[in-house]
Amino acid sequence: MKKTLFDKIWDAHVVESIPAGPDILYIDKHLIHEVTSPQAFNELKERGISILRPKQIVATADHNTPTENQHLPIKDLLSRNQLKQLTKNCEDNNITLYGLGHPYNGIVHVMAPELGITQPGMTLVCGDSHTSTHGAFGTIAFGIGTSQVAQVFASQCLLVDKPKKLRVNVNGELRYGVLPKDVILYIISQLGTNSGTGYFCEYAGNVFEDMSMEGRMTVCNMSIEMGARGGLIAPDEVTFNYLEGKEFAPKGEDFEMMKIYWKTLKTEEGAKFDQEYFFDASDIEPMITYGTNPGMGIKLSDPIPKNTGKSDEKALEYMGFKEGESLIDKPINYIFIGSCTNSRIEDFRTAASYIKGKQKAANVNALIVPGSRQVAEQIKAEGLQLIFEEAGFSLRQPGCSACLAMNDDKIPAGEYCVSTSNRNFEGRQGQGSRTLLASPLTAAATAIAGKITNFTQNLN
Amino acid sequence: MEKFISLTDTAVPLEIENIDTDQIIPARFLKATDKEGFGENLFQDWRFDKAGNPNSEFNLNNKKYKGSILVAGNNFGCGSSREHAAWALKAYGFKVIISSYFADIFKGNSLNNGLLPLQVSPEFLKKIFTAINSNPSEKLHVDLENQLIKITSTEASEKFEIDPYKKNCMINGYDDIDFLVSRKEAIQKFEEKTFQF
Ligand code: SF4
């Protein structure tokens, strides 16, 4: 039988298949962070089991970290304790930790790819649902719960049923001003938030082939928002060029050898998918969400659709919107450019190119949070910092920040935030906060206008 | 892990679709380093208003509804992978969650904690809601051995699916770590014969 990209990687990692049960899947890389690991370390300790392959684990601190004064002790006692616990757990178990302040520190899904830790053909897991991001490299990457973190600690394996396979094809030419974030928001708005449940999704078509690695990561990142365990894109020259020279990528001859293998990681012609969808790139416009799940998205210029049920009513009530109304010209007081979806250098370059020479509107609080220390350094080196500061944006230190509001970066109750993150759930950015998901360009344009605007007319 | 074989109890209805893990347990409660105390914060922002007073319209605060079964709308548990959601539901006292759809990671997390995610057809879910709405003391009977769920007053019942391996774990109170550690030799052999990144 012809194999898909997903089959090839999965099958190469099956240690054993339990009859009428799950597979024992071998995990090459395990990323951990402060929030979902402590109970797993405790679990192992209680059972007297040691960590099988500490060298295959990399830790960072990101979810719970402040974005100001990172050199000072963390004020919040519980947060400080959680980070202390991570440090101790890593020390006790010989696990590499890129903690707060380390040059490699950052959001787990930003720092691992940029260090070359994520490579094509791997299986990679992390106790975080947006682990799907790493699929951009042609990697089977998915989020796991804390019990599973403990399982990987104990055995470097997971017991998992092989998911079904889904392929989403987007071909054609994207319109000017349409970013990878718009492509994935469009796909989710068309398919719904549970269309991918039980599936692993391959993205194919010239739109993804033409995307940078940053763009592919944005797309794969949000696979989980349509319910899929993960998403992946076949590795190609774009992938290899990105990886070459990265800190932990293979070097020299090893790199060339790996490339030969990586080139075989493609879905064979005629391989079967359990489900397949096709979209035309020219149908996609800049997108924005109006509700409380990422599937509730519309084209910036479209009215909010007539609602279809109780849950939609509840969502609109929470958001303070009415069916049939347009979002254009809605005043917005907060924008956030950051999160593992859109906090890579390309995102900030795009935002800066729009902002350059302009001023944010007086009513707007504009928060810019790089995904990692490396991105933060690059923002400085490329002169983007100056552009942001001159325009009145607040540039912070890296971390998850207002994406999940575990630290002080919260959106006040009742306020709207145009955000480049991935979830618009009730209270996600702070109790009572109202999130509108969009691309970095839409967020930047909103900040300048002080309201939602159909900025595509002003692009040149 | 606790064993789960069967259960007959009243249920709490939450007729809301797409209940995400951020609602089940908001992120600000994820700073703990152990598994204690999450029950108090279950559905925090729906259970309490801003002043911290119980919201009487929310069914978990409605004295009419009690029991260790939660019945929820379609696509329960979507969103983050936080296992804290399963811990919070369990600590609050739920043993079974019924919905017409569960998000993957949540489903796995629940099973790993002896909390049964029981998927029924949309039609049967409607029947359950109707039964509880007309009589809050309606009892549901969950029989894991025979994979059957029954509304006791009307005897209406439906078969449900569960992975045979997971069913066995629930019934016997085993978990995946025990199993994986027992396969260590096979894992080491696999490592020897395959390429290591
Ligand atoms: S940025 Fe947001 S979505 Fe991404 S890992 Fe952090 S909290 Fe999760």
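Okay, some ground rules. It's a predicted model, where local features need pLDDT of at least 70 and side-chain atom pairs count only at pLDDT 80 or more, while totals for chains, interfaces and linings use all residues. Residues are numbered from 1 along each chain as its sequence is written, chains are lettered from A and ligands numbered from 1 in the order in which they are written, and side-chain values use heavy atoms, with hydrogens and water left out.

Let's start with chain B and helix α5, residues 122-134. When I say helix or strand, I mean DSSP runs numbered from the N terminus: H or I with at least four residues for helices, E with at least two for strands. How far should the 13 residues of α5(B) span? At 1.5 Å a residue you'd expect 18 Å, and the end C-alpha atoms are 18 Å apart, so that agrees. The expected span, by the way, is 1.5 Å times one less than the number of residues.

Now, which residues of α5(B) are buried? They're B:Phe124, B:Leu125, B:Ile128, B:Phe129, B:Ala131 and B:Ile132. Buried here is under 20% relative accessible area, exposed is over 50%, and partly exposed is in between, with a 1.4 Å probe and protein chains only. Looking down the axis of α5(B), those buried residues fall within an arc of 165 degrees, so they line one face of the helix. The arc is taken from the directions that run from the helix axis to the C-beta atoms. Over on the other side, B:Pro122, B:Glu123, B:Lys126, B:Thr130 and B:Ser134 are exposed. And what do the buried ones pack against? Strands of chain B: β1 (6-14), β2 (69-72), β3 (96-99), β5 (139-143), β6 (148-151) and β7 (157-159). Contact, throughout, is heavy atoms within 4.5 Å.

Hop over to chain A and helix α10, residues 252-262. The buried residues there are A:Phe255, A:Met258, A:Lys259 and A:Trp262. They cover an arc of only 110 degrees around the axis, which puts them on the same side of α10(A). A:Glu253, A:Met257 and A:Ile260 are exposed on the other side. The buried set packs against α9 (237-243) of chain A.

Rings of Phe, Tyr and Trp (its six-membered ring) pair if their centres lie within 6.5 Å; planes under 30 degrees apart are stacked, over 60 edge-to-face, and the rest tilted. That rule gives 26 aromatic pairs over all chains. In one of them, A:Phe255 and A:Trp262 have ring centres 5.8 Å apart and planes at 85 degrees, so the pair is edge-to-face. Relative accessibility is 2% for A:Phe255 and 0% for A:Trp262. There's also an aromatic cluster of A:Phe6, A:Trp10, A:Phe142 and A:Phe200.

The rule is NZ of Lys or CZ of Arg within 6 Å of the ring centre and within 35 degrees of the ring normal. A:Lys246 lies over the face of A:Tyr242, at 4.2 Å from the ring centre, and the charged end of A:Lys358 sits over A:Tyr354, 4.2 Å from its centre.

Next, cysteines. How many disulfides does the structure hold? Zero, over all chains, where a disulfide is a pair of cysteine sulfur atoms within 2.5 Å. For A:Cys201, the nearest cysteine sulfur is that of A:Cys220, 8.0 Å away. For B:Cys169, the nearest belongs to A:Cys157, 16 Å away. A:Cys201 counts as buried at 0% relative accessibility, and B:Cys169 does at 4%.

A:Cys400 is in a loop of chain A, between β17 (394-395) and β18 (416-419). With a relative accessible area of 7%, it's buried. A:Cys400 and A:Thr65 are 335 residues apart in sequence, but 7.7 Å apart in space, C-alpha to C-alpha. Leaving aside neighbours within four places in sequence, A:Cys400 contacts A:Asp62, A:His63, A:Ile107 and A:Phe336.

Last stop: two loop residues with positive phi. A:Asn69, between β4 (57-60) and α3 (77-92) of chain A, has phi near 50 degrees and is partly exposed at 44%. A:Asp329, between α11 (310-319) and β15 of chain A, has phi near 80 degrees and is partly exposed at 46%.
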